[in-house]
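Subject: Two-chain model, handover and notes

Hello,

Here is the structure I said I would pass on. My notes on what was found in it follow below.

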Amino acid sequence: MDVNRIKKDFPILEKEVNGKKIVYLDNAATSQKPRQVIEAMDELYYEYNANVHRGIYRFSEQATEKYENAREKLKRFINSKEEVIFTKNASEALNLIAYSWGEENVRKGDRIVLTVMEHHSNLVPWQQLAKRKKAKLEFMDIGDDYEIKESELDKIRGAKIVAVCHVSNVLGTINPVKEICELANETGAISVVDGAQSTPHMKVDVSRMKCDFFALTGHKMLGPTGIGALHGNRELLEKMPPFMAGGDMVVEVYQDRSVWNGLPHKFEAGTPNIAGTIGLGAAVDYLSKIGMDEIRKHEIEITKYAIQRLEGLSGVSLYGTKRMERRAGIIPFNVKGVHPHDVATLLDEEGIAIRSGHHCAMPLHTRLGLDATNRASFYIYNDRKDVDKLAEAIENAKKIFSEPPATQR
Amino acid sequence: MSDIYQEFIMEVYKNPLNFGKLEKADFKAVSLNPLCGDKIELYIRLENGKIKDVRYTGSGCAISQVSASLFTEFLKGKTPEEAKALKKEDILRLIKIDLSKNPSRMKCALLSLEVLKKAIL
């Protein structure tokens with residue numbers, strides 16, 4: 001994998017911030033977009049823009065073909081042999097399950113099991129569903145190694161829904177989702193995997209995982225914002241009522257009733273994000289061309305290097321497992337005596353973009369006893385030089401905060 | 001040298017003013033900035049209708065803490081009505097840093113104003 005060649009496909013990485021070339025290390029929040037993705041979307045608007053599934057004319061046929069092609073590409077990419085529904089993001093995909101399947105099937109006293117490391121998007125929809133249904137929400141805890149404790153998996157037995165992140169957006173922990181889904185299937189729970197942080201970075205095989213549902217988002221995997229997807233078990237989806245009603249999700253409409261369209265259209269009401277979907281298709285092409293195993297290898301290498309480099313800095317605490325087979329390219333850290341927001345602002349002055357705060361995972365921070373953390377997260381265009389710049393900038397932040405004030409010198 | 005973390009700011013950060021609690025406070029409130037985990041608890045004591053003593057406790061980033069230090073000092077001698085009438089610009093003038101390029105940090109700077117408005121209803 002040639003990082004220097006890849007970098008050339010991302011015009012934004014040439015930009016300067018505060019007079020310095022941008023070092024983008026906030027990939028867990030969103031990725032940058034290669035020229036190929038931007039151009040695929042431009043092409044629609046310049047060359048053949050029309051609404052999909054409607055017009056009996058050239059442009060509409062062309063747009064529909066590209067739109068449905070993107071679906072096929074994505075299905076191949078995650079090895080879905082069931083259905084893939086386009087949503088606006090992973091949150092919408094997860095809400096779709098919570099509202100459509102949850103409303104019909106969850107009863108008082110039922111248990112919904114999550115992990116303590118969930119992003120708010122895979123927590124709040126279930127929390128609200130539990131409130132509406134008087135169901136119980138339970139969390140599988142982590143051990144000192146920041147991985148789910150083996151014994152906590154027992155909570156899955158007898159649960160109605162098990163919803164877990166494939167990769168934690170804070171810790172970078174890769175959860176044993178195959179084992180979790182198998183246990184859920186055996187014990188009669190439906191399994192939901194939030195793949196927002198895994199799909200961009202490793203080979204995802206939903207058929208092998210045997211999950212009932214898998215949510216992902218396009219903008220973290222080189223695609224545009226506003227497009228996500230839900231892979232779902234066809235049998236379950238068939239039985240589920242629509243999440244949103246409107247155009248395109250119906251085949252017959254009368255004044256007093258409607259007949260739903262077939263899958264996946266039943267869950268795609270209204271004009272979809274056509275350009276976004278085509279952009280996501282182009283992103284899938286781009287990632288596939290490099291190869292997900294290559295990407296994973298590159299990220300393990302850079303993550304290992306970053307852990308080693310930052311561990312060497314005094315006053316820097318790192319969190320997350322060191323078992324690389326269970327670790328994605330996300331590094332949460334704190335700098336002693338410097339609040340994460342101050343670290344992030346000082347790094348920004350050096351042109352380095354990291355995230356600071358609770359990263360939409362407040363319960364995890366509470367569990368860890370931390371108000372906030374810094375987070376550096378890597379992708380295909382990052383290299384060791386970026387890690388070196390990060391380490392230097394952290395040293396600089398430490399220096400600014402450790403120098404005694406003038407009056408005490 | 002950093003644009004934001006100038007010597008003046010770092011000096012106040014390391015030597016906070018009015019840090020602590022007041023046992024007998026006439027006004028008291030707490031505000032959180034959930035985005036950062038910043039927290040400021042404010043205590044105000046009046047004498048002859050004017051703010052005699054102000055203290056704050058809390059934790060958070062340098063900007064929120066420095067702003068609280070300078071702001072509490074500024075409040076002394078003001079009537080609650082005068083304090084209540086204070087605006088965003090007043091607090092930004094006190095901390096003397098340009099946050100125009102860092103709008104996300106504005107909330108940190110304004111946290112002590114928010115807690116004051118909560119305290120003096």
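Two residues are taken to be in contact if their C-beta atoms, placed from the backbone, lie within 7 Å. Please keep in mind that this is a predicted model.

Helix 1 covers residues 7-14 of chain B, and its buried residues are B:I9, B:M10 and B:V12. Viewed down the helix axis, these residues fall within an arc of 165 degrees, so they line one face of the helix. What covers them? The cover on the buried residues of helix 1 of chain B includes helix 2 of chain B together with helix 13 of chain A.

From the side of helix 2, the residue to look at is B:V66. Helix 2 of chain B spans residues 62-75 and contains B:V66. B:V66 has 27 C-beta neighbours inside 10 Å and therefore counts as buried. Apart from neighbours within four places in sequence, B:V66 is in contact with B:I9, B:V12, B:Y13 and B:I95. B:R55 is 11 residues from B:V66 in sequence, and the two C-alpha atoms are 13 Å apart in space.

Helix 13 of chain A comes next. Buried in helix 13 of chain A are A:D386, A:V387, A:L390, A:A393, A:I394, A:A397, A:K398, A:I400 and A:F401. Their arc around the axis is only 160 degrees, which puts them on the same side of helix 13 of chain A. A:K385 and A:K399 are exposed on the other side of helix 13 of chain A.

As for the interface as a whole, 14 residues of chain A are in contact with 19 residues of chain B. On the chain A side, helix 11 (residues 340-348) gives the most, with four residues. By class, the chain A side that touches chain B consists of five nonpolar, six polar and three charged residues.

Now the chains one at a time.

Chain A has 13 helices and 17 strands. A compact globule of 409 residues would have a radius of gyration near 22 Å, and chain A has 22 Å, which agrees. The C-alpha trace of chain A spans about 80 × 55 × 40 Å along its principal axes. Of the 409 residues of chain A, 49% count as buried. Among contacts in chain A between residues at least 6 apart in sequence, 71% join residues at least 24 apart.

Chain A is divided into domain 1 (3-30 + 291-408) and domain 2 (37-289). Their C-alpha centres lie 29 Å apart. Between them, 24 residues of domain 1 are in contact with 23 residues of domain 2. On the domain 1 side, the elements that give two or more residues are helix 10 (292-311), strand 14 (330-335), helix 12 (362-368) and strand 17 (373-377) of chain A. Helix 10 of chain A gives the most to that side, with five residues. The domain 1 side has 11 nonpolar, six polar and seven charged residues.

Chain B has five helices and three strands, in the order α-β-β-β-α-α-α-α from the N terminus on. The radius of gyration of chain B is 14 Å, close to the 14 Å that the globule rule gives for 121 residues, so chain B is as compact as a globular protein of that length. Its C-alpha atoms fill a box of roughly 45 × 25 × 25 Å along the principal axes. Of the 121 residues of chain B, 40% count as buried.

Last, some backbone geometry to check. Most residues other than glycine have a negative phi, and most peptide bonds are trans. The peptide bond from A:L263 to A:P264 is cis, with omega near -5 degrees; A:P264 is found in the loop between strand 12 (258-260) and helix 9 (274-290) of chain A. A:D248 has a positive phi, near 75 degrees, and is found in the loop between helix 8 (234-239) and strand 11 (250-253) of chain A. With 17 other C-beta atoms within 10 Å, A:D248 is partly exposed. B:K96 has a positive phi of about 55 degrees and is found in the loop between helix 4 (88-95) and helix 5 (103-119) of chain B. B:K96 is exposed, with 11 other C-beta atoms within 10 Å.

Regards

Methods. Residues are numbered from 1 along each chain as its sequence is written. Chains are lettered from A and ligands numbered from 1 in the order in which they are written. This is a predicted model: local features need pLDDT of at least 70, side-chain atom pairs count only at pLDDT 80 or more; totals for chains, interfaces and linings use all residues. A residue is buried if 20 or more other C-beta atoms lie within 10 Å of its own, exposed if 12 or fewer, and partly exposed in between; C-beta atoms are placed from the backbone. The arc is that of the directions from the helix axis to the C-beta atoms. Ala, Val, Leu, Ile, Met, Phe, Trp, Tyr, Cys and Pro count as nonpolar, Asp, Glu, Lys and Arg as charged, and the others, Gly among them, as polar. Domain bounds come from an automatic or database domain assignment. The radius of gyration is taken over C-alpha atoms; the globule rule is 2.2 Å times the number of residues to the power 0.38.
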